[in-house]
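Me: I would like to go through this model by question and answer. Please keep it brisk.

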Amino acid sequence: MAINTMTVEGRFIRPEMRFTPSGKAILTGAIIYDHRGKDAKGNWDVKASSFFDIEVWGRDDGQPGLPDMIADLPKSTIIQVQGTVRKNYWDDKDGGRREKTILTVHSACIPMISPKTFHVDDETD
């Protein structure tokens, strides 16, 4: 078991599909989780939101896989993803050091649609 494994559940937003020069799919996007709580009147309200940037790599053989399944979901579909965490570092145009934490997804589950879990290495029919 990987030590830096993380599971996140929330609404999938901002999907963007790209391809490497060799044709491998890379889906990027974010999972948003709303932290809810009761207001002064006792009504439920969103107090804050957390965003988790994700990337999903396609299969080496170029066949449809996990990025294609996730990319076709309707906007803001509830999804649960599991993967490994890494940080990207770069210098911005003003010379400042920047960083971004990314979850590289290895499996995903759409709990509202089906209990089936999809993995990066799943075979397609």
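Reply: Ready. This is a predicted model: local features need pLDDT of at least 70, side-chain atom pairs count only at pLDDT 80 or more, and totals for chains, interfaces and linings use all residues. Residues are numbered from 1 along each chain as its sequence is written, and side-chain values use heavy atoms, with hydrogens and water left out.

Me: Which strand holds K47?
Reply: Strands (E, at least two residues) and helices (H or I, at least four) are DSSP runs, numbered from the N terminus. K47 falls in the run of residues 44-57. That run is strand β3.

Me: Which residues does K47 touch, not counting residues up to four places away in sequence?
Reply: Contact means heavy atoms within 4.5 Å. D34 is 13 residues from K47 along the chain, with 7.5 Å between the C-alpha atoms. With residues up to four places away not counted, K47 touches H35, R36, G37, K38 and D39.

Me: How far is the backbone oxygen of K38 from a polar atom of the K47 side chain?
Reply: A polar contact is a pair of N or O atoms within 3.5 Å; within protein, one must be able to donate a hydrogen and the other to accept it, and residues adjacent in sequence count only if both atoms are side-chain atoms. Between the K38 backbone oxygen and a polar atom of the K47 side chain, the separation is 3.4 Å.

Me: How many bridges pair β2 with β3?
Reply: Two strands pair if DSSP finds at least two bridges between them. β2 and β3 run antiparallel to one another. T28 stands opposite E55 in β3. The bridges between β2 and β3 number 13.

Me: Which residue in the hairpin of β1 and β2 takes a positive phi?
Reply: β1 pairs with strand β2 (residues 25-38) in the antiparallel sense, over seven bridges. R11 stands opposite I32 in β2. Five residues lie between the strands of this hairpin, and the one with a positive phi near 95 degrees is G23.

Me: And in the hairpin of β2 and β3, which residue takes a positive phi?
Reply: This hairpin also has five residues between the strands. The phi is near 85 degrees, and the residue is G42.

Me: How many salt bridges are there?
Reply: A salt bridge is a side-chain nitrogen of Lys or Arg within 4 Å of a carboxyl oxygen of Asp or Glu. One of them joins E99 and K87, at 2.4 Å from N to O. E99 lies in β5 and K87 in β4 (residues 78-91), so this pair ties together parts twelve residues apart in sequence. The count is six.

Me: Which residues are linked with D53 in a network of salt bridges?
Reply: R14 forms a salt bridge with D53, with closest N and O atoms 3.3 Å apart. R14 lies in β1 (residues 5-19) and D53 in β3, so that pair ties together parts 39 residues apart in sequence. K100 also forms a salt bridge with D53, at 3.9 Å between the closest N and O atoms. The residues networked with D53 are R14 and K100.
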